[in-house]
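I set out to record the strand order of a sheet and the geometry of a helix pair. The entries follow the order in which I looked them up.

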Amino acid sequence: MRGLKQLTVMNFKLYLREPIATFFTLAFPPLLVLLFGAMYGNDPSQLYGGYGTMDITMSAYTALILGTIGLLGVPITTSGYREQGVLRRFRATPMRPLTYIVADLLTNLVMTLLGMIILIGVGWALYKVRFEGQVLSVFVAVVFSGLTMFSIGYLIASLAPGARTAQVIGMVIFYPMMFLSGASIPLEVMPEGVRRIADFLPLTHVVTLLRGLWFGEGWGEHLTEVVVLGGILVVGAGLAARFFRWE
Amino acid sequence: MTVVIEVVGLRKIYSDVVAVDDVSFEVRKGEIFGMVGPNGAGKTTTIECIEGLRQPDNGRVNLFGVDPGQTRSAIAERIGIQLQDSSLPTRIRVGEAMSLFGSFYARQADSGELLERLGLIEKRSASFSNLSGGQKQRLFIALALINQPEVVFFDELTTGLDPQARRAMWDLVRQIRDEGRTVFLTTHFMEEAERLCDRVLILDDGKIVALDTPEALISSLEMEKRIVLTLPGAPEKLPLSDLPQVDRIERSGDRIVVYGHGERFAGPVITALEHAGIDFLDLRTEQPNLDDVFLALTGRDMRE
């Protein structure tokens, strides 16, 4: 794994130099907090089991960050690097493919955590948002959900013929899911029909798992989510590894 | 002479197009070995099979005595590669690219010194996307040298460079050879091959047309040499037709073209003119070059 540290640090710097990607990962979720916080506040509500709107959006927006990175960031960057010949240049060095993938995953996870910290910081400062779970448990769930979303992203990049197509596929999958999964608007306010569709969306399971663990539920209460997301991870990563192209 | 690259019966087929067809040759340690031919001749396919980036369909490749396709990581430590089509992340800076790529290798060159040599030291904090075509090309050369490679591969090294930058690049390649490294390059500029390479392999349509030193290739043609002169007010009868080196003379007004052969051809012609007291202007000799070799061997003009 020689070069792993340097590549991860470099990826991280390059990520921060992309204004659009950085905006959607770091700034967009806190802006949603400002917007929806101003509209709904954070008073405890029966609808959300006694939690306020801002309490439950913390885990939801974390899922939103994971979706943004996994379904937009990963496919756009990866297929772009392939199309431009960046991957070809890396392949001409002794660096192993696994090093490249691990560095990319680490970068995206660190960006997710950074986004979460800013999000929770804003939520805490403005609305004293509640957290009743275990930090380690939520951390593991974020990493697990992240790997699932990223594996879908790599699969898109592997199957799409070019960078433009990868971007379009990512958007077509992500944007409906962003609104229908509870990642941006709580499912509790959605009509019954939407909620039934939501069950079939991977991101919905991320939202449910993270919210449960956030408020102290155990993994045992979320076996459905673990199985669904674990299945997507295994199949997604397997297919991505099978179809990944360096050029 | 130690052989560092050995290619035997190399064959590569893309769907139903034979890109490389039964190609065999050896590259010796410390030489500049050039592969020339028109676009689509199979140069890049051949070089990438040797680099271990592509698998041959038939035949075998030996680099340092091992199959580069099987042991890529170990081979990659000892070679430097400049690819024909590749890129870097747009926002990476020159200095960052050097230290990143350096970190992939066990052995590293001094990146500051390399940038200095390639005239990029001023550009150390410039983003890749802000570099000119020539600067990008030089950066890729610096990256190819970052691990102090024993063999360096340049695929279309000077394509897209202006003539001055091209010449500077030739000097650099010679320096690299003089440091004891072996250089394997491809080009579709015959002049580049002729001026730069110790040995030249001419590839056309996936097959080897010729392989030798540029001088041997040119002299093997036994083509006529030409001297072009302007002789204002010269007599009708010139004292040149009797010279054994001279084959024939063409004349149109003051302008005279003398066709001949032999190692020393210009000398006797000039001497004979001076003896006869004939003033000449604009003397120019025209030697056959690798373009003529290509034309003679394939029946096609390289530049078409």
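**Notebook: sheet in chain B, helix pair in chain A**

I looked up the sheet in chain B of this predicted model and found an open sheet of 6 strands with mixed pairing, in the order β5-β6-β7-β3-β8-β9. I noted that β5 (79–82) and β9 (207–212) of chain B stand at the edges; each has a single partner strand, so one side of each is left without a neighbour in the sheet. For the twist I recorded an average of 15° from one strand to the next.

Helix α5 (residues 133–144) of chain B packs on it, touching β5 and β6 of chain B, and its direction makes about 165° with that of β5(B). Helix α10 (residues 290–298) of chain B also packs on the sheet, touching β8 (199–204) and β9 of chain B, at about 40° to the direction of β8(B).

I moved to chain A and asked at what angle α6(A) and α10(A) cross. The axes of α6 (residues 135–159) and α10 (residues 223–243) of chain A cross at roughly 35° and come within 8 Å. I recorded the crossing of α6(A) and α10(A) as left-handed. Residues making the contact include F144(A), L147(A) and Y154(A) of α6(A), and G230(A), G236(A) and F243(A) of α10(A). By class, I listed the residues of this contact as 14 nonpolar, 6 polar and no charged.

Definitions and conventions. Residues are numbered from 1 along each chain as its sequence is written. Chains are lettered from A and ligands numbered from 1 in the order in which they are written. This is a predicted model: local features need pLDDT of at least 70, side-chain atom pairs count only at pLDDT 80 or more; totals for chains, interfaces and linings use all residues. Side-chain values use heavy atoms; hydrogens and water are left out. Two strands pair if DSSP finds at least two bridges between them. Helices (H or I, at least four residues) and strands (E, at least two) are DSSP runs, numbered from the N terminus. Axes are lines fitted to C-alpha atoms, for helices over the stretch in contact, and angles run from 0 to 180 degrees between N-to-C directions. Contact means heavy atoms within 4.5 Å. A crossing is left-handed if the near helix is turned anticlockwise from the far one by less than a right angle, and right-handed if clockwise. Ala, Val, Leu, Ile, Met, Phe, Trp, Tyr, Cys and Pro count as nonpolar, Asp, Glu, Lys and Arg as charged, and the others, Gly among them, as polar.
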